[in-house]
Each structure stands twice: as structure tokens, then as C-alpha cells.
Amino acid sequence: MKKSVYSLVLMDDVIRAVDREAYKRGTSRSNLINQILAQHLSCVTPEMRMQEIFGSLSDLVSSAFSIQQQRSASLMTLRTALDFKYRPTINYKVELERSPDEFLGTLRVQIRTQSVQLIDMFGSFFTYRAELEAKALAARGCTNYVFALGNGSFSRRLLNCGLSEEETGQAISRYLNDLNTSIQTYFAAPQSFADYAPQLARDYTKLLEEFIL
């Protein structure tokens, strides 16, 4: 949405109250005033759209995830523990675009560990997963799959297929649940993962029949 600069004359007490509330929400004075006016006048802002998506996501994501406190309207962080020795954690960060075009936003996944073995396993899993996703999406005519694999980190762009806010939250939650199941399966028994991979691939392909993300 386009933004322009306007001058407003407001009482000092109002501004102090706005600044306190903006600090609590982790946003700016201008953005908070914009949200308050939009809500009062029944205008839909990017923040309201993202709030609805994250609200739907929060309601549907499995109990395996712990949702972290949000400090940004565009970002949600979730955490889960691996069923592996020392129970390392994996962070999932979903960052939405204010004005989505080709992509809704970006998913970033990171393993919290200093273990070289775990980092290598993480890289091996996401090499497999990225190949699976790219192939499955291409079969449905989606060739704009964009991902990056780093040292203990993975990110991918989330495709925008014109879903409603509620449907988008559903799609992201279903994808995260599917991804987490696959990760947990891999780390629980990496030597025998090949036995489970065909079914996991079918599960992901079935997911694409409902949501393209």
C-alpha cells in the first residue's frame, strides 16, 4: 500500500500515550496511528492482513511448536525440539511481505547447536528437502522455487497463489507441520530414512493438491 507524508496536530498527552503503546507493540508512532485510524475507519492495513494470517497459523500449528513472543507485525517465530541427544532446538521464522506480489514472504529455518555432526545432518536433510520441493512444485507448473542453504540454516521464499488470509494461515501451518514431521523422522533414524522418504514425499505431494506455497 502506498504511503504519503501528512502533518497532524496532536495533544502532547496523546502522543505520549501513542509512544508508550507503540513501544509495547514494537512498532513506530506513525505505524500505530495508521493502524488505529484504519481500524476505526474499517480500512484493511498490511498489519491487519498479517495479523489475520498469523492468527490462523497460531490456531492450527501443531502442539510440537512453541510460538515465541512477537516484536514485529510481519514476523512470527516458532520453536521445536528434536528427538535427538541433547534435544537441540530448531527455529522457524515466517516473515511476511507488507505488499506481497510473486511471494508472500520468507521462511527461515535454523538449528541451534554447535555440533558439527548435527549441522552436517541438517544440511543433508535440507538438500534432500529442497530437491523434493522443487521437483514437486515444478510438476504443478511452479518453477519459481527460491531457496538458500547455509551452515545450519535454510530459507525459502513462500509462493503467493492468491489465497485468503485464513487460507494462507492454514497453508503455512500445514506446511510447517509436514516439514517438522519430515525433520523429526530424519533425525530419529538417519540411517533408515530412505525407508520413510517415499511416504513423506507422498504426504508433501498431497499437501500441494490443497495448497501451493
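Two strands count as paired if DSSP finds at least two bridges between them. With that in mind, Thr106 stands opposite Arg157 in β6. The model is predicted.

**Strand β6 and its partners**
- Strand β6 covers residues 153–159 and is mostly covered, with five of its seven residues buried.
- One partner of β6 is strand β4 (residues 103–112); the two run antiparallel and are joined over seven bridges.
- Another partner is strand β5 (residues 147–150), which pairs with β6 in the antiparallel sense over four bridges.
- In β6, Arg156 has Phe147 opposite it.
- β5 and β6 make up a hairpin with two residues between them. In the turn, Gly152 has a positive phi of about 80°.

**The largest nonpolar core**
- This core has 51 residues, and Tyr92, Leu176 and Phe187 have the most contacts inside it.
- Two or more of the core residues come from each of α3, β2 (75–81), β3 (89–96), β4, α4 (116–139), β6, α5 (165–188) and α6 (193–210).
- Helix α4 gives the most to the core, nine residues.
- Which residues does Leu176 contact, leaving aside its neighbours within four places in sequence? They are Leu57, Phe65, Leu78, Tyr92, Val94 and Leu107.

**The cavity**
- The structure holds one cavity of 30 Å³ or more.
- The largest cavity has a volume of about 40 Å³.
- Its lining consists of Arg156, Ala171, Tyr175, Tyr204, Leu207, Leu208, Phe211 and Leu213.
- Helices α5 and α6 are the elements that give two or more residues to this lining. The most come from α6, with three residues.
- By class, seven residues of the cavity lining are nonpolar, none is polar and one is charged.

- At least two lining residues each are supplied by α1 (12–25), α2 (29–40) and α3 (46–60).
- The largest share of the pocket lining, five residues, belongs to α3.
- By class, the pocket lining has four nonpolar, nine polar and five charged residues.

Methods:
Residues numbered from 1 in each chain as written. Predicted model: local features only at pLDDT ≥ 70, side-chain atom pairs only at ≥ 80, totals over all residues. Heavy atoms only, no water. Nonpolar A, V, L, I, M, F, W, Y, C, P; charged D, E, K, R; others polar. Buried < 20%, exposed > 50% of the residue type's maximum accessible area, 1.4 Å probe, protein only. Core = buried A, V, L, I, M, F, W, Y, C linked by side-chain atoms within 4.5 Å. Contact = heavy atoms within 4.5 Å. 1 Å grid on protein atoms, 1.4 Å probe; cavity = no way out; pocket = protein on both sides within 12 Å on 5 of 7 lines; lining within 4 Å. Points joined across faces, edges and corners; volume = space filled by probe spheres on them.
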